[in-house]
Amino acid sequence: MAEPETNVRRVLQIKARALGDPAQLLALIRSAAPFYQALGGTRFRVLQNVDDPAQMLIEIEYEAHAALELNRQKLASDPMVRTFLQGWRAMLAGSADIDVYEDVTG
């Protein structure tokens with residue numbers, strides 16, 4: 001008998017600094033929402049630092065199949081994902097940090 005598919009919930013947190021007009025970075029982030037939703041994103045939130053408007057914090061909650069989550073390198077090798085990430089890297093020019101968290105609040 002096949003094992004039931006199990007999903008894990010994760011929070012992707014991206015800390016980014018706008019290299020130019022913060023409105024351009026915000027537009028880029030908003031345009032990415034459908035992409036993350038297609039990959040299982042359940043919540044998408046953008047926070048802008050009130051003291052430093054060039055600083056953005058993007059939080060994306062998502063569910064992923066446990067086997068896929070264990071092998072993010074495989075996902076990163078997907079052509080659609082690679083193309084998307086290359087665009088982001090070019091726009092952010094190394095001004096972003098990305099972390100993946102698990103909510104252990106309880």
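Predicted model: local features only at pLDDT ≥ 70, side-chain atom pairs only at ≥ 80, totals over all residues.
Residues are numbered from 1 along each chain as its sequence is written, and side-chain values use heavy atoms, with hydrogens and water left out.

**The overall fold**

The chain's secondary structure comes to four helices and four strands, where helices (H or I, at least four residues) and strands (E, at least two) are DSSP runs numbered from the N terminus. Read from the N terminus, the elements follow the pattern β-α-β-β-α-α-α-β. The chain has 106 residues, and buried ones make up 29% of them; buried means under 20% relative accessible area, exposed over 50%, and partly exposed in between (1.4 Å probe, protein chains only).

Contact here means heavy atoms within 4.5 Å. Of the contacts in the chain between residues at least 6 apart in sequence, 72% join residues at least 24 apart.

**The sheet and its helix**

The four strands make an open, antiparallel sheet in the order β2-β3-β1-β4; two strands pair if DSSP finds at least two bridges between them. Because β2 and β4 (96-101) stand at the edges with a single partner strand each, one side of each is left without a neighbour in the sheet. On average, neighbouring strands of this sheet are turned by 15 degrees against each other, direction ignored. Axes are lines fitted to C-alpha atoms, for helices over the stretch in contact, and angles run from 0 to 180 degrees between N-to-C directions.

The antiparallel strands β1 and β3 are joined by 11 bridges; V8, for example, has A64 in β3 as its bridge partner. Helix α1 (residues 22-38) lies across β1, β2 and β3 and runs at about 170 degrees to β2.

What does the largest nonpolar core contain? It has 16 residues, and L12, I14, L25, Y36, M56, I58 and I60 have the most contacts inside it. At least two residues of this core come from each of β1, α1 and β3, and α1 gives the most, with six. Such a core is a set of buried Ala, Val, Leu, Ile, Met, Phe, Trp, Tyr and Cys residues joined through side-chain atoms within 4.5 Å.

| Residue | Relative accessible area | Class |
|---|---|---|
| Q13 | 13% | buried |
| N49 | 33% | partly exposed |
| N7 | 48% | partly exposed |

Q13 sits in strand β1 (residues 7-17). Its side chain makes a polar contact of 3.2 Å with the side chain of E59; a polar contact is a pair of N or O atoms within 3.5 Å, and within protein one must be able to donate a hydrogen and the other to accept it, while residues adjacent in sequence count only if both atoms are side-chain atoms. Leaving aside residues up to four places away in sequence, Q13 touches L57, I58, E59, D97, I98, D99 and Y101.

N7 also belongs to strand β1. N7 and E63 are 56 residues apart in sequence, yet their C-alpha atoms are 6.0 Å apart in space. Beyond residues up to four places away in sequence, N7 touches E63, A64, H65 and A66.

N49 lies in the loop between β2 (41-48) and β3 (55-65), where its side chain reaches the backbone nitrogen of D52 at 3.1 Å.
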